[in-house]
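Here is a short note for a colleague who is opening this structure for the first time. Please read the points with the model on screen.

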Amino acid sequence: MTGPGEGAPLAEAAPEAAPAPRAGRRGAGPRSIASRLMENRWAGLAGLAVALLAPFVNASPYALSVMTSAAIFVMLAAGLNIVVGYCGLLDLGYIAFFAVGAYTSGVLSTRLGLPLIATLPAVLVVTVIAGLVIGAPTLRLRSDYLAIVTLGFGEIIRVTATNLDVTGGPSGIYGIPGLTGGPVSFYYLTVLVVAVAVVGAARLGRSRLGRAWRFVREDEDAAEAMGVHTYKVKMAAYVAGAIWGGLAGVLFGAHLSAVSPGSFTFLQSALVLMAVVLGGMGSIRGVVVGAVVVSLLPELLRDLADYRYVAFGVLLIIVMLVRPQGLWPARPGEVPK
């Protein structure tokens with residue numbers, strides 16, 4: 001018999017502990033170059049630098065017009081991303097806020113002779129009121145019902161603008177003054193305003209309110225059970241999106257010096273929503289990329305004449321089949337970037 005302490009040594013009986021895994025390793029394999037580039041915090045500044053240097057490559061009136069329109073489209077997509085990407089509200093009539101901002105600034109500048117910059121406070125007030133009026137009866141609905149009602153409100157705004165004398169009827173408003181002295185300076189002003197709007201949207205997504213939006217998007221019932229006032233949170237998202245859309249409308253009117261109901265059809269709402277989905281819902285970087293692709297791709301395919309929209313649709317289908325999560329999606333569990 002063996003007494004205590006006379007058996008096999010403990011060092012031999014206990015197996016050697018496995019080495020602890022290294023901290024920070026999330027995947028089994030090395031990340032690709034594309035993944036590292038997409039996670040780089042300097043990607044946004046690189047995109048802004050490209051936008052600022054673009055006129056040095058091509059400063060023709062046509063190129064400046066296309067680039068300015070693309071920048072305005074980016075601001076629209078960033079605003080819709082607050083509603084759809086952050087809060088999960090399917091809005092098919094977002095172009096209504098774009099129209100409200102454009103018409104408000106256009107009417108005040110042409111009828112009352114105000115400088116366009118002086119119309120901004122009125123545009124903010126009117127777009128907030130429009131967001132409250134449209135959102136109050138609709139945001140109690142969900143999913144398909146919400147989409148149908150927002151589509152209806154978008155068409156109501158367009159038809160109302162077509163039939164009012166103060167908005168110029170079907171012909172619209174012409175002679176809207178510009179914000180700067182020339183197309184180059186206006187392009188740079190637009191890029192800077194849009195950059196501030198994009199950064200603001202990203203900051204909202206990382207705020208306490210942004211976290212509440214994500215809770216509502218993931219599970220509205222669970223969010224309400226945890227104490228989130230879902231109706232107020234959704235209304236805040238809708239009003240914030242309205243402000244972004246209204247300010248983009250001011251830039252749009254200054255860019256074209258005219259606005260008409262034909263610029264605010266359902267197709268435009270669908271294109272903005274397409275940019276958000278194509279880039280990656282909830283990812284502000286992806287939305288910027290999606291907006292640039294959706295706005296510039298038809299112009300790059302202009303040489304195909306009547307077939308360019310066919311090619312545009314085919315390319316979009318291919319992209320969505322290859323990247324169903326979006327071109328630059330937000331990673332699961334991360335805050336919007």
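1. Start with the core. The largest nonpolar core holds 75 residues. Those with the most contacts inside this core are L80, I82, F98, W244, V259 and F264. Keep in mind that this is a predicted model.

2. Which helix gives the core its largest share? Helix 11, residues 230-256, supplies 14 residues, the largest share of this core. In general, nonpolar side chains in soluble globular proteins tend to be buried together.

3. Look next at W244. Neighbours within four places in sequence are left aside here.

4. Beyond neighbours within four places in sequence, K234 meets C87, L89, L139, L141, V216 and E220.

5. S105 is counted as buried because its relative accessibility is 1%. A polar atom of the S105 side chain lies 3.1 Å from the backbone oxygen of A102. With neighbours within four places in sequence set aside, S105 contacts L116, T119, V123 and V250.

6. Now turn to a helix pair. Two packed helices are described by the angle between their axes and the distance between the axes. Helix 12 (residues 266-279) packs on helix 14 (residues 308-322) at about 35 degrees. Their axes are 10 Å apart. The crossing of helix 12 past helix 14 is left-handed.

7. Which residues make this helix contact? M274, V277 and L278 come from helix 12, and F312, L316, V319 and M320 come from helix 14. By class, the contact has 7 nonpolar residues, with no polar and no charged ones.

8. Last, the chain as a whole. How many helices and strands does the chain have? There are 14 helices and 2 strands. The chain has 337 residues, and 41% of them are buried. Take the contacts between residues at least 6 apart in sequence: 76% of these join residues at least 24 apart.

Conventions: Residues are numbered from 1 along each chain as its sequence is written. This is a predicted model: local features need pLDDT of at least 70, side-chain atom pairs count only at pLDDT 80 or more; totals for chains, interfaces and linings use all residues. Side-chain values use heavy atoms; hydrogens and water are left out. Axes are lines fitted to C-alpha atoms, for helices over the stretch in contact, and angles run from 0 to 180 degrees between N-to-C directions. Helices (H or I, at least four residues) and strands (E, at least two) are DSSP runs, numbered from the N terminus. A crossing is left-handed if the near helix is turned anticlockwise from the far one by less than a right angle, and right-handed if clockwise. Contact means heavy atoms within 4.5 Å. Ala, Val, Leu, Ile, Met, Phe, Trp, Tyr, Cys and Pro count as nonpolar, Asp, Glu, Lys and Arg as charged, and the others, Gly among them, as polar. Buried means under 20% relative accessible area, exposed over 50%, partly exposed in between (1.4 Å probe, protein chains only). A polar contact is a pair of N or O atoms within 3.5 Å; within protein, one must be able to donate a hydrogen and the other to accept it, and residues adjacent in sequence count only if both atoms are side-chain atoms. A nonpolar core is a set of buried Ala, Val, Leu, Ile, Met, Phe, Trp, Tyr and Cys residues joined through side-chain atoms within 4.5 Å.
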